[in-house]
Structure formats: C-alpha cells, structure tokens
Amino acid sequence: QGFKAKWGPTTTERRHRCYNFTTDAQCNWNGGSWPFETSKVGTGLINLLQRYPPQPHASVSDFEELLAQYARAHTQSHAEESTPPHIDEDLHPDDGFWITRRKLFRNPKDPLKNRGESYFHSSYCD
C-alpha cells in the first residue's frame, strides 16, 4: 500500500479517499505518478543517503528501484499513437499509460492531444 507502485510513486496514498481515477479532468493529483515529482523524490533520497546517518526506511536499493522506475516510465510506457520514449504529465502508477494523453485522445479533434511530443515536464530529458 502507501505510495509505492510499479511505474513510480503515487501522488496520493492508496488508502486515502482521494485516491481514484474516476474524473475526466486533466492533470489530477489523485494518485497518478508524475515524473517531475518523482525526480524531486529521487533528489531528496540522494541527499538523505549521502548527507545523513543510515536510515531504517531508506536505502541505496530504494534509490536504485526508484531510478529504474523513472527510466522505465520514460522508455517503456504506453502512449496512444506514439512509441517510446514519450514524456507527459501523469502516468498511471500500476498500468504504465499516460493518463492525460489517454483522456485527450478520446476526442480526436482536441488540439492538445499531441502535447507530449515536446513536453519537458521531467528532468530525465535534461
């Protein structure tokens, strides 16, 4: 439970009532994994591991797992009508598809549907 997920940490704790994917609105903080926020978690974890005494709930292997998830999100995730690599806003934490892109592709005429083609909302591509 908690925040841990296959494709990156969730933005909402799984047991909280706000954790859900039932809204059609874009850019929600209701549980999806946001790569830019994951990069901040990684930076914080590096600082914790390098600057402070050993921690019982944070280890180098935790960082390595987070980094592998982060890289996988950018190289193996699923985006409608696109092949990896693809960067967008919010990634489904368990299924690996870009949530907002999927919502935008429901309307073929939506002018924003391809915004992930040049979307720099992550530090991975920097």
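How do the residues lining the largest cavity divide into nonpolar, polar and charged? The legends below take this up, along with a helix pair and a pocket.

The model shown is predicted, so local features need pLDDT of at least 70 and side-chain atom pairs count only at pLDDT 80 or more, while totals for chains, interfaces and linings use all residues. Residues are numbered from 1 along each chain as its sequence is written, and side-chain values use heavy atoms, with hydrogens and water left out.

**View 1. Helices α1 and α2 cross at roughly 160 degrees.** Helix α1 covers residues 35-51 and α2 residues 60-75, and their axes come within 10 Å. That makes α1 roughly antiparallel to α2 (angles over 145 degrees count as such). Here helices are DSSP runs of H or I, at least four residues, numbered from the N terminus; axes are lines fitted to C-alpha atoms over the stretch in contact, with angles from 0 to 180 degrees between N-to-C directions.

View 2. Residues of α1 in the contact (heavy atoms within 4.5 Å) include Pro 35, Val 41, Leu 45 and Leu 49. From α2 come Val 60, Asp 62, Phe 63, Leu 66, Tyr 70 and His 74. The contact residues divide into 9 nonpolar, 4 polar and 1 charged. In this scheme Ala, Val, Leu, Ile, Met, Phe, Trp, Tyr, Cys and Pro count as nonpolar, Asp, Glu, Lys and Arg as charged, and the others, Gly among them, as polar.

**View 3. The largest cavity has a volume of about 40 Å³.** The count comes to 1 cavity of 30 Å³ or more. On a 1 Å grid over the protein atoms alone, a cavity is a set of points where a 1.4 Å probe fits but cannot get out, and lining residues have an atom within 4 Å of a point. Grid points are joined across faces, edges and corners, and a volume is the space filled by probe spheres set on the points. Trp 7, Gly 8, Ser 33, Trp 34, Pro 35, Thr 38, Gln 69, Tyr 70 and Ala 73 form the lining. To return to the opening question, they divide into 5 nonpolar, 4 polar and no charged. Helix α2 gives the most, with 3 residues.

**View 4. The largest pocket has a volume of about 280 Å³.** Of its 13 lining residues, Lys 4, Pro 9, Leu 45, Asp 62 and Leu 66 are the closest to its centre. A pocket is an open set with protein on both sides within 12 Å along at least five of seven lines. Helix α2 supplies the largest share of this lining, 4 residues.

Terms used:
Helices (H or I, at least four residues) and strands (E, at least two) are DSSP runs, numbered from the N terminus. Angles under 35 degrees count as roughly parallel, over 145 as roughly antiparallel, 65 to 115 as roughly perpendicular and the rest as oblique.
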